Amino acid sequence: MDQPERADRPVGTVRLPSSTEYPVEWEADVVLRDGSTTHVRPIRPEDADALQRFQMAQSERSTYLRFFAALQRIPDRLLTQFVTVDHVRRAALVAVRPGPGGEDGGEDIVGVARYDVIDDRPGRRTAEVAFNIADALQGQGLGSVLLEHIAAAARERGVHRFIAEVLPQNRAMLGVFREAGYAVEQHLDDGVVTVSVDLDPTDRSREVMADREHRTEARSMQGLLSARRVLLVGPEQGGTVDELLAARVREAHAADPGDTELVVLGTDVTWADVGRGGVGGEGTAGEGTAGDRTAGVDLAVVAAPPDDVIDTVRRLRGTGARGVVVLSAGWAEAGPDGVARRRELLRTAHAEGMRVVGPASYGLLTNVPGASLRASLALTAPKPGRVGLFSQSSPVAVTAAETVKRRGLGLSTLVSAGHRADVSGNDVMQYWQDDPHTDVACLYLETLGNPRKFSRIARRLAQVKPVVVVVAGRHGSVVPPGHAVRATRAPRRMLDEVLRQSGVIRAENTHQLMDVAQVLAHQPLPTGGRVGILASSPSLAVLVADAVAAAGLTVVGPPEPLSADAPDDEIAAAVDALYAPGACDAVVVVSVPVVLPRTDAIARAVTEAAARTGRTTVVSALGLHGMPDELASGGVRIPAFSTPEDAVWALGEVVRYAQWRTQDHGTPVRPILRRGFSDGAARAQARTLVESLLGSLPSDAPDGLVLDQAAATELLACYGLTLWGSRTVRSAAEAVAAAEELGWPVALKIAAPALRHRADLGGVRLDIADAEDLTEDAERMLTSASALLPAPDPVLEVQAMAPTGVACVVRSVEDELFGPVVSFGLAGDAVDLLDDVTHGVPPLTDVDVARMVRGVRAAPRLFGYQGAPAADVAALEDVLARVSVMAEDLPELASLELYPVAVAEHGASVLHAAIRLRPAERRTDAPRRALPG
């Protein structure tokens, strides 16, 4: 499968600048269509021999499709040019795997993607692109992956369009371009198809990438969780922690083997001998035995010191293992050397096509009928159920598994990621989306290494299956030892916004996690929030009614108390009334006998009615907890809770999730950008402007570049945002001249940020209609500014009066962890002091934007508060949408503040903008598929 560059065409006709530093940030481990992994990196001059071997191994057909000619060997001149690039106007990426000799055999190239700039005009930078994929990997999605990565690299270098020439019979390569989701044009000329690809991401390209990412990551997890033959590697004696871990796995497997065959190395063969025999090595007799025993394993579980784990992973080559579970700790938490060892572990495993679970993992369990996996430290597995459980922390995995067993809840899957070096909750959610054995996804997270990706995957999963999450630390800001997480300056409640935007149910602890999981796993989703109450005493009825109201639900009618020892006919009448058609959407039953022992009469009546009607029901009854048999009937089980408050809280969260799932979540905001420009051209113009501005930034300017008014106006204009005109002045006479130029009436402000919006401190004068008043106001303001500000020469700003309206603030900040964070609030000290602000993480939908505007407590001021005219909320939402698109497009946008945005009865005016740029770092959720590295 490949691409075209004619063998007789001169290469390198574009004059190249001096070579740039090797872009290590372009390196990435990727998952292919079959779930295996490989490494992608920029090409290096020393790759010449490997590239020649790659070419010589290609079939005659692949060679012809790539070069339009038979070319068994690449000529030396061409070979030198292929491996010599500057990573700016000429760039190439190679997909590599270890050579036949393993670590000592170097790397084999299995795919190449390259571009050469052929049009260097600003805003129209175009490059010719070429691909070549090893015959053995064609059809595994490597071409699509390389296109994503070379396109992302090209965009970083200001390239906006790819051109490729493809033979018509090269349908695979044409399909890669056509199915990528970019804007593609193609035409046939002289027997060659010329393909033109616009590299600006589109809704379709994002959707395509997300679909492919989902399929490959789900298949990768399927390879781990469907393992039947598991290799345990660890010492059998010595009294070390690793020996105890290995012994625990052996003991657990003996007690509950499931459908797993456990192959143990450590009695007659040391764990360091794994894989030396039976995979091409000569070895001794003992080593050959080890090789025979390890051949055909699906998964390895390793308890050993870090260096030995890495060596073991190398020796697993050829065994068929799809992944390795690392039980032992001692990696990143041990300091810089441990971080380096963890990176080496990932590089080694991914190069061999394996995923890594851990370090410090509790292991993997599944309850798939006939294929249950046992590869963990758990002595006994929870019974089969419909709940999937992911935990980073091993201790929490222990607690959660025991809680599941105690409640009788049942699990489909248990994955403990430990320090989450590779496999994360994102991978497991991808797997759960299509897993027929999992109905509820539960995650305990110590950290979110990639919240943008988490939000995207969780939102997609939550639309078909509920997702319940506990994040360690109320604000998710705690970073346990061993976890590599970027620092964040986002507001503390940003994590809540990310989870809410994703449709995730957030629990505060594992107790709440299990509470809501048992409702979701065994009860239908309620159709509304009207709650009927059945309580065994008036005081309990009042308690439950208050809890229902506090949970945001509605109590249907006055709750009628029903004594726990009431006669059967009275119980039947009360239950029938409660479960009558249309009576309510959900039922809360609380039964606490005070003197007499509990009977099961109410439980039986309620369970039968719930089974008959399909009404969502929760119970809090003395002596019942979890999923008791007393509340089971007709294939239905009702969850029982320790307290009425627990039952109502869980029900409230389930109701909110059910409502979210049926809501319209909107479509991504895509406003038409600059008038007279295509969106692609407007974005290209913005990119060119940002590159030009940052090109003059000194290297010792860590805070970046604050734009002046002219640059800010131009950048905002690229996104269709008009900055209201103003002039800076230093005297009353200059103020009058500026007003004559701008037009009367005008506003006058002190330009200093501390006073610009402070009318109470004399920093603002509005609606000045003539020169006399302006002169008087300017002189008074200059005197006040001299007294209030340390600067000896105060500056004023004259601005034409905008239509009167509600003053708002729109901000954006590029956060190292969350990426772009957009916020909205109404202007004013009280709002700022009370932090009455909403936040969103782009890309936003129109529903997200509307929620942000209406989510602040002061929002009624926009809708005709106390007789004032209603503001043009649609115009305000348009401003917020444009800022979100701008923030998503430009990672260099360190901060932006539009303050104030005056929202009048008709239209919204941006009166002032403060913009700061700085060189961009790669976002956690870059527009390319890649594993942690």
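Colleague: Which residue is the bridge partner of valine 40 in β3?
Modeller: That's alanine 95. Keep in mind that this is a predicted model.

Colleague: OK, and how do β2 and β3 pair?
Modeller: Strand β2 and strand β3 (residues 90–99) pair in the antiparallel sense, over 4 bridges.

Colleague: Is β2 mostly covered or mostly open?
Modeller: Mostly covered: 6 of the 6 residues in strand β2 (residues 37–42) are buried.

Colleague: Let's switch to the sheet with β16 in it. What's the strand order there?
Modeller: The order is β15-β14-β17-β16-β18-β19-β20. These 7 strands form an open sheet, and the pairing is mixed.

Colleague: Remind me what "mixed" is getting at?
Modeller: Strands of a sheet pair through backbone hydrogen bonds, and the pairing can be parallel or antiparallel.

Colleague: Which strands are at the edges?
Modeller: β15 (374–376) and β20 (505–507), and each of them pairs on one side only.

Colleague: Do β16 and β17 run parallel or antiparallel?
Modeller: Parallel, with 6 bridges joining strand β16 (residues 384–391) to strand β17 (residues 411–416).

Colleague: What does threonine 438 touch?
Modeller: Leaving out residues up to four places away in sequence, threonine 438 touches Arg386, Gly388, Ser412, Thr413, Trp432 and Lys465.

Colleague: Where does threonine 438 lie?
Modeller: In the loop between α12 (425–434) and β18 (440–445). The side chain of threonine 438 also makes a polar contact with the side chain of aspartate 435, at 2.5 Å.

Colleague: Why does threonine 438 count as buried?
Modeller: Because its relative accessible area is 1%, and buried means under 20%.

Colleague: New topic: how many aromatic pairs does the structure hold?
Modeller: It holds 4. One of them is phenylalanine 131 with phenylalanine 177, with ring centres 5.9 Å apart and planes at 70°, so the pair is edge-to-face.

Colleague: Where are those two in the chain?
Modeller: Phenylalanine 131 is in strand β5 (residues 126–133) and phenylalanine 177 is in helix α5 (residues 171–179). The pair links distant parts of the chain, 46 residues apart. Both phenylalanine 131 and phenylalanine 177 are buried.

Colleague: Is the pair of tyrosine 657 and tryptophan 660 stacked or edge-to-face?
Modeller: Stacked, at 6.4 Å centre to centre with 20° between the planes. Tyrosine 657 and tryptophan 660 both lie in helix α19 (residues 644–662), 3 residues apart, which is about one turn of the helix.

Colleague: And are they buried or exposed?
Modeller: Tyrosine 657 is buried, at 2% relative accessible area, and tryptophan 660 is buried too, at 10%.

Colleague: Last one: what sits over the ring of phenylalanine 67?
Modeller: The charged end of arginine 66, 4.3 Å from the ring centre.

How values were computed
Residues are numbered from 1 along each chain as its sequence is written. This is a predicted model: local features need pLDDT of at least 70, side-chain atom pairs count only at pLDDT 80 or more; totals for chains, interfaces and linings use all residues. Side-chain values use heavy atoms; hydrogens and water are left out. Rings of Phe, Tyr and Trp (its six-membered ring) pair if their centres lie within 6.5 Å; planes under 30 degrees apart count as stacked, over 60 as edge-to-face and the rest as tilted. Helices (H or I, at least four residues) and strands (E, at least two) are DSSP runs, numbered from the N terminus. Buried means under 20% relative accessible area, exposed over 50%, partly exposed in between (1.4 Å probe, protein chains only). A charge sits over a ring if NZ of Lys or CZ of Arg is within 6 Å of the ring centre and within 35 degrees of the ring normal. Two strands pair if DSSP finds at least two bridges between them. A polar contact is a pair of N or O atoms within 3.5 Å; within protein, one must be able to donate a hydrogen and the other to accept it, and residues adjacent in sequence count only if both atoms are side-chain atoms. Contact means heavy atoms within 4.5 Å.
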